[in-house]
Amino acid sequence: MILLVMTKLVHIPSLLLMLFAFCNCDQEEVDARVVLPENLEVSLDKRANGQVRIGFSAEKANFFRVSFGTDGEMPELVSGNEATFRYTEPGVFTIRVQAHATETDFISEEASVTISEADLGLGIPSSGFTSPESYEGYSLSWRDEFEGTTLSNDWVAETGDGCPNLCGWGNNELQFYRRENARVNEGYLIITAKEESIGGRNYTSTRLKTQGRQQFQFGRIDIRAALPKGQGIWPAFWMLGESITSTPWPACGEIDIMEMIGGAADGRDNTVHGTLHWDTNGTYSTAGGKTSLAEGAILNDNFHVFSIIWTEESITWLLDNEAYHEIPITGNAMDEFREPFFLLINLAVGGNWPGSPDASTNFPQQLVVDYVRVFEKD
């Protein structure tokens, strides 16, 4: 018995060597049979709103993987012979196409694509209405032309989603406000709404105010801007009573200089609204009007000037210096509109009025403000 055991011990290493030799030989034969793809050809087509289509073909390829050059991206398995991707930021990106025989055996080709702000639909219009810098009977009392590279100290950025006291900012809005989504560049304030997950929300944007820095009572206010577009997009220029810290809304009063409820349906991308909100003996009250551009034009195409003329007797709304609505504010029921107000500029996403973005909504979207000017009656 001892001799038999010894014989087995002697022969086990030999058997293992034979098995390893057989396996290595077999693997070499498998490797020799792998045929790499050949003649990989790649075509690239830039489309609207930052979308890129990549086409590819190769002989003897079993499958393809594609990456579009964004941070942290790995080549993804694709079906067929084309793939599309929509960029949301400008830049130069390297697209890589891999034609695979096996997961580890492949050939590749790269193509470079440059995405500009214009490719994303974010270009700044080169034309539009411009208002004068002076009006008879008025003096310019405050202005921001957004020169330089940073916001002036007259503006405060509100952050978050309004929670816990005013979740969704009172309107079930979907965005998380961040200071980072606003920038000053070449004479413009640019607020960008993005589709990204921050703070438990799926969108980000910016909301600015002059509360505690600049307040206004009566006069004319002009804001020159190019608006964003799309379902669920909600830009606004508006004012709140400086008394809001002690007198809750709506008793503090709200003046909406301009609101646009984005969306191609029913001409929403070409219509602006001017509205008042106030308190009448403990009851919420609101009134307003609207106007639209000619059919075929939208407020994203060019710059426009959104204005109010605010006196002790009335508030009048204007688009490109053409009045379209007026509301009297005399009487005790509307006395909040004869008190100081501060300015707000924001770009909301979603909410009770516009509804949520849908498949037709492209992100990012930009609100571009050229200037804000306030004139007081002489």
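A nonpolar core, as the term is used on this tour, is a set of buried Ala, Val, Leu, Ile, Met, Phe, Trp, Tyr and Cys residues joined through side-chain atoms within 4.5 Å, where buried means under 20% relative accessible area, exposed over 50% and partly exposed in between, with a 1.4 Å probe and protein chains only. The model is predicted, so local features need pLDDT of at least 70 and side-chain atom pairs count only at pLDDT 80 or more, while totals for chains, interfaces and linings use all residues. Residues are numbered from 1 along each chain as its sequence is written, and side-chain values use heavy atoms, with hydrogens and water left out.

**The whole chain**

Begin with the cartoon of the chain, which holds one helix and 24 strands; helices (H or I, at least four residues) and strands (E, at least two) are DSSP runs, numbered from the N terminus. The radius of gyration, taken over C-alpha atoms, is 31 Å, well over the 21 Å that the globule rule (2.2 Å times the number of residues to the power 0.38) gives for 378 residues, so the chain is more spread out than a compact globule. Along its principal axes the C-alpha trace spans about 115 × 50 × 40 Å, and 44% of the 378 residues are buried.

**The cores**

Select next Leu227, Phe237, Met239 and Leu276, which touch the most other members of the largest nonpolar core, a set of 50 residues. Strand E23 (residues 341-349) gives the most to this core, with five residues. Apart from this core lies another, of 17 residues, among them Val66, Tyr87, Ile115 and Leu120.

**Strand E13 and its partners**

Move to strand E13 (residues 201-205), where four of the five residues are buried. Two strands count as paired if DSSP finds at least two bridges between them. Strand E10 (residues 175-177) pairs with E13 in the parallel sense over three bridges, and Gln175 has Tyr203 as its bridge partner in E13. Strand E12 (residues 188-198) pairs with E13 in the antiparallel sense, also over three bridges, with Thr204 as the bridge partner of Lys194. E12 and E13 form a hairpin with two residues between them, and Gly199 in the turn has a positive phi of about 60 degrees.

**A glutamate in a loop**

Glu145 is the next selection, in the loop between strand E8 (138-144) and strand E9 (156-158). Is Glu145 buried or exposed? Its relative accessible area is 18%, and Glu145 is therefore buried. Its side chain is joined to that of Arg143 by a polar contact of 2.9 Å, meaning a pair of N or O atoms within 3.5 Å of which, within protein, one must be able to donate a hydrogen and the other to accept it, residues adjacent in sequence counting only if both atoms are side-chain atoms. Not counting residues up to four places away in sequence, Glu145 touches Gly187, Asp370, Tyr371 and Arg373.

**Backbone details**

Finish with the backbone, selecting the cis peptide bond from Cys163 to Pro164, with omega near 5 degrees; Pro164 lies in the loop between E9 and E10. The bond from Trp249 to Pro250 is also cis, with omega near 5 degrees. Asn39, in strand E1 (residues 38-46), has a positive phi near 55 degrees, and Asn321, in the loop between strand E21 (314-319) and strand E22 (322-328), has a positive phi of about 70 degrees.

Terms used
Contact = heavy atoms within 4.5 Å.
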